[in-house]
Amino acid sequence: MIKIWSMKKNEDAAAKKKPKTSAAQIRVQKDLTELDLPSTMKTHFPDPADLLNFTLTITPDEGMYKGGAFVFSFVINANYPHEPPKVKCIPTIYHPNVDLEGNVCLNILREDWKPVLNLNSVMVGLQYLFLEPNADDPLNKEAAEELRRNREQFIYNVKSAMRGGNIKGVQYDRVLV
């Protein structure tokens, strides 16, 4: 009888040491298993045990950003899916919807977020920004103004920035693959 009691105590101690899986982790696991990413998108988990922090690389195969590789960090807090993931663009890029600090202007990452949305929704939204930059909801106002005023110059600036060029005193990261 005493042996059973000590085994039960050991099991309880082991259970207390193992961290509990949060609701956010369970939802992220579900979202990740349901991902159906095209070949132009790849996820990377620096710590495979930590599903709440990862990167997504988008390599557009069409449009003005074709030939680049754009890495975004995803940080998911404990309130997910009630709060959207925090997404940042790691390289400094010339884009009307991404500022120089890497903040991304995507409506579903702000006011249009709903818990029914998932990581796939966010990733598809990010990819769409490279196909159709939105000059009407900019974070980089100069790039948005250039896109509205002179599309050819905007495309030239995109290509130059992707090569690591300098545009109006701002040095951009080389993102060509």
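**Exercise 1. Which residues does His 82 touch, not counting residues up to four places away in sequence?**

Solution. Step 1: take contact as heavy atoms within 4.5 Å. With that cut-off, and setting aside residues up to four places away in sequence, His 82 touches Trp 113 and Pro 115.

Before going on, a word on the model: it is predicted, so local features need pLDDT of at least 70, side-chain atom pairs count only at pLDDT 80 or more, and totals for chains, interfaces and linings use all residues. Residues are numbered from 1 along each chain as its sequence is written, and side-chain values use heavy atoms, with hydrogens and water left out.

Step 1: His 82 sits in the loop between β3 and β4; helices (H or I, at least four residues) and strands (E, at least two) are DSSP runs, numbered from the N terminus.

Step 2: check its accessibility. Buried means under 20% relative accessible area, exposed over 50%, and partly exposed in between (1.4 Å probe, protein chains only). Because its relative accessible area is 60%, His 82 is exposed.

Step 3: look along the chain. Ala 24 is 58 residues apart from His 82, and their C-alpha atoms are separated by 9.1 Å.

**Exercise 2. Is Cys 105 buried or exposed?**

Solution. Step 1: find the residue in the loop between β4 (86–89) and α3 (119–131). Step 2: read its accessibility. Cys 105 has 5% relative accessibility, so this residue counts as buried.

Step 1: list its contacts. Beyond residues up to four places away in sequence, Cys 105 touches Asn 97, Arg 110, Leu 129, Asp 137 and Leu 139.

Step 2: consult the record. An unreviewed UniProt entry has the annotation "active site" covering Cys 105; UniProt positions are given in the numbering used here, feature names are shortened, and annotations may be inferred rather than shown by experiment.

**Exercise 3. Which backbone nitrogen does the side chain of Asn 140 reach?**

Solution. Step 1: go to the loop between α3 and α4, where Asn 140 lies. Step 2: Asn 140 is buried because its relative accessible area is 11%. Step 3: the side chain of Asn 140 reaches the backbone nitrogen of Ala 143 at 3.0 Å. Step 4: leaving aside neighbours within four places in sequence, Asn 140 is in contact with His 95, Pro 96, Val 98 and Tyr 172.

Notes: Polar contact = N/O pair within 3.5 Å; in protein donor to acceptor, adjacent residues only side chain to side chain.
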